[in-house]
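Hello,

Here is the structure I said I would pass on. Please open it first, then read my notes below.

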Amino acid sequence: MPYIHNAPGWPSFNWNVQSIANRLAEARHKQGRLIGRMERLGFPLKAEATLQSLTEEVVKSSEIEGEVLDRNQVRSSIARRLGVDIGALTPADRNVEGVVEMMLDATEKYADELSAERLYAWHAALFPTGRSGMTKIVVGAWRTEKSDPMQVISGPIGREHVHYEAPAAARLENEMRAFLAWFNSRADMDLVLKAAIAHLWFVTIHPFEDGNGRIARAIADLVLARSENSTHRFYSMSAQIRRERNDYYAVLERTQKGDLNITEWIKWFLDCLDRAFDGAAVVLASVLRKATFWDEHAGKQLNERQRAVLNRLLDGFHGKMSSSKWAKLTKISQATASRDIDELVALGILKKDAAGGRSTCYSLIEPMVESS
């Protein structure tokens, strides 16, 4: 099967400039408007928006590969590293800490050169046990001949479908040397366009035994942060890719089985990014809602348990809140949980939902958020 990395002239990609020009201009326009809007929020709200966006980025990038991370662990790990106060922190597993380390290194040190050693460190952070699931893998180094052929496969044993086969391990030193030289060059290329190409190029080389997709998305995030000249993140490209995962894999497969014209991939990447910018409105609304809530109740005396659970509700707690759930979350007796809740009802912060009796639940009295 011919693959793009075997095409004559690889890796001299080309694309139809005219067909992507409008998409690139629109993405840049939305990006500029979003950054301008978020920069007016002030530091505390920018930090909260960054926390929410990075949490989505880490969780959803792993979900794309079928790995489910504990959202509270991810959020706590990021908050601790960013110095954002979210109350009691949830202890994070080392695999969560590793993914967070990689993402923050990419987005906070976006101006730094990308090197093989830096990529090795990211890979080692993703696989702290030296295993992918139950399988021992080469960690913190390019894959070796033992992993050849490196294939992306789906389907049951005996009826596998090969979606893609990466370059042989013997080619990796030269392939990665060429990629890193291009990546670190100061060539006059729009950085959003560079993010699209870098994502495709890296995941096509597939230099590691596992984790290539997550690292490719981290590389794209690094370039996008560089395009904005900011460590603050207000949207999640991976969250949007997760929503469009089938299309993502389909366009990757078509591109990797095609020639060096990558116009279709660039169009898809720019359209997906455009939709990710639209999704940032959800983050903004959530941040403003939370800020308005605490402004309204700034003068009220609340204990740490109450503040912690209220923040959980503001962050999108799934399901109804009851005294038993409150007790479980805060590790207290149900009687104490009921007193905490009754105090908040009396203060006009919580309200009792319609269904009573043993199924009594409570919800927030929503603040009035002004639209901007």
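Two packed helices are described by the angle between their axes and the distance between the axes. Here the axes are lines fitted to C-alpha atoms, for helices over the stretch in contact, and the angles run from 0 to 180 degrees between N-to-C directions. Please keep in mind that this is a predicted model.

Start with the helix pair. Helix H1 covers residues 17–39, and helix H7 covers residues 191–205. They pack at an angle of about 110 degrees, and their axes are 10 Å apart. Angles of 65 to 115 degrees count as roughly perpendicular, so H1 is roughly perpendicular to H7. On the H1 side, the contact involves Ile20, Leu24, Arg28 and Gln31. They meet Leu191, Val192 and Leu193 in H7. By class, this contact has five nonpolar residues, one polar and one charged.

Next, the strands. S3 (151–154) and S4 (161–165) pair in the antiparallel sense, over four bridges. Ile153 stands opposite Val162 in S4. The two strands, S3 and S4, form a hairpin with six residues between them. In the turn, Gly155 has a positive phi of about 100 degrees.

Last, the second largest pocket. Its space is about 500 Å³. It has 21 lining residues, and Glu65, Val152, Val203, His206 and Tyr249 lie nearest its centre. S3, S4, H8 (212–228) and H10 (245–256) each supply at least two residues of the lining. H10 gives the largest share, six residues. By class, the lining has eight nonpolar, seven polar and six charged residues.

Best wishes

Notes:
Residues numbered from 1 in each chain as written. Predicted model: local features only at pLDDT ≥ 70, side-chain atom pairs only at ≥ 80, totals over all residues. Heavy atoms only, no water. 1 Å grid on protein atoms, 1.4 Å probe; cavity = no way out; pocket = protein on both sides within 12 Å on 5 of 7 lines; lining within 4 Å. Points joined across faces, edges and corners; volume = space filled by probe spheres on them. Nonpolar A, V, L, I, M, F, W, Y, C, P; charged D, E, K, R; others polar. Parallel < 35°, antiparallel > 145°, perpendicular 65-115°, else oblique. Contact = heavy atoms within 4.5 Å. Pairing = 2+ DSSP bridges.
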